Amino acid sequence: MGIESKPLKIYMLPFFAQGHLIPLVNLARLVASKNQQVTIITTPSNAQLFDKIIEEEKAAGHHIRVHIINFPATQVGLPIGVENLFAASDNQTAGKIFMAAHLIKPEIENFLKQNPPHVFIPDIMFTWSESTAKDLQIPRLVFNPISIFDVCMIQAIQSHPEAFVLDSGPYQIPGLPHPLTLPIKPSPGFARLTESLIKAENGSHGVIVNSFNELDEGYTEYYENLTGRKVWHVGPTSLMVENTKEKVISINDEKKHESLTWLDAQEPNSVVYISFGSLCSLSNEQLMELAIGIVASNHKFLWVVHRKEGEDDDNWLPTGFEQKMKEKKRGMLIKGWVPQALILDHPSIGGFLTHCGWNATVEAISSGVPMITMPGFGDQYYNEKLVTEVHRIGVEVGAAEWSLSPYDAKKTVVSAEKIEKGVKSLMDSDGEGGEIRKRAKEMKAKAWKAVQEGGSSQNCLTKLVDYLQSVVVPN
Ligand code: UDP
């Protein structure tokens, strides 16, 4: 690595959502730790989400700073401070945040013109960055917070419209390293979105992903051959920034979350953790099916429900459900934010019923927890395939329809029977869980190896910095 080379001025631009912002801020920290000068460009409220971390990085002697730009709240009609999709609970608010992500273009261009960086690394959602970088002649790499496997699925589906002519699935996806099937087809809105995202990679030097090489095995080559662009796997970033030490949950920690205390009292591998991420809003009917399905499975559960404002009436649960579950010591229901990474690391967790958000998927893999998959929206239908058909570290429950947005109410529900079957086949001692669990542990070992010194993600980070130093900005 060119430690002796002059540090590069690198600008990164995270998108306004937790699942995008957290891994790109982590990437900024990792690149800064390699003696580069990194500036994160963001808006006031988003900056507050990570200002403590940046102070810690500065105190450690790393050259990392934040450049604040305006969030065009008045222009898009949002209250001051609502700048992140996490604060949205409907399509209208989310649409305004997306519009704001377009409206910041002139201010960013001004900043780039006045203080040109050596390299610009925006999130893939800023599709306008393609023309900006071209006009200003600034080398650009794209940060894509999902996996290259997903991008390959998107490319394969776009190239083979003939595979999707029938009205109902399953649909075979041709041309990929594995024979894969999608039970339902991508919605036209999602297909249009992904097309514009993939197009925005044009003219870039390549893509950086929050994943590790071993997870995308076969797909990196497929992508590089197809596009001629390079891929850098620098992830899981959450493990890399933690300096690869196992997380310790202190028994006497006063601030210990109630979910962890409850888990301490359970048998190893006995509990199913249920969560649908930070954005997904399930219909009352779907929540009811989930409750019936998990009870019928006869397995213990820790279920986190994020209810939006005005949704806190409890008519989505069977009568007396919460009380009964408590009395019978069958399960715990939590309405609110939980420390997911710590929960997944707890020895009592034996499975994760998940919406397959990319961060949730990578976190489950990092903890060696097998999944029961029930995708909610967007790329999560692809993540399910990586889990159940490529690496076989989970059981597929599937989804009844394809949603573009987490706020779209689904018309059809996944039945309680399907959920019960999925949970049982992973958790029952005579089910297929044993082999799946073994493979999940093996994948965890690969993830941890990738982030150690000499591991694939650490090597990729070094190669990325070398590439920027010598190819993007020749001395
Ligand atoms: N998360 C958490 N506690 C919660 C809900 C979510 O810590 O109660 C974290 C989770 O660990 C993950 C992120 O929020 O890192 C959600 O990202 P993901 O891609 O899984 O799903 P999204 O919320 O974007 O649908």
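Which residues come nearest to the ligand?

## Ligand surroundings

In this predicted model, 17 residues lie around the ligand, and Gly277, Ser278, Gln340, Gly357 and Ala360 come nearest. Helix α16 supplies the largest share, with four residues.

By residue class, the shell around the ligand holds eight nonpolar residues, eight polar residues and one charged residue.

## Two domains

The protein chain is divided into domain 1, made of residues 9-242 and 450-471, and domain 2, residues 255-448. Their C-alpha centres are 26 Å apart. In the contact between them, domain 1 takes part with 35 residues and domain 2 with 28 residues.

On the side of domain 1 that touches domain 2, the elements giving two or more residues are α1, α5, α8 (148-159), β7 (180-182), α9 (188-199) and α19 (433-451). The residues on this side divide into 19 nonpolar, 12 polar and four charged.

## Helix α5

Helix α5 has 13 residues, 91-103. At 1.5 Å a residue the helix should span 18 Å, and its end C-alpha atoms are 18 Å apart, so the two values agree.

Ile97, Ala100 and Ala101 are buried in α5. These residues cover an arc of only 105° around the axis, which puts them on the same side of α5. The buried residues of α5 pack against α4 (73-76).

How values were computed
Residues numbered from 1 in each chain as written. Predicted model: local features only at pLDDT ≥ 70, side-chain atom pairs only at ≥ 80, totals over all residues. Expected span 1.5 Å × (residues − 1). Buried ≥ 20, exposed ≤ 12 C-beta atoms within 10 Å, placed from the backbone. Arc of directions from axis to C-beta. Contact = placed C-beta atoms within 7 Å. Near = placed C-beta within 6 Å. Nonpolar A, V, L, I, M, F, W, Y, C, P; charged D, E, K, R; others polar. Domains from an automatic or database assignment.
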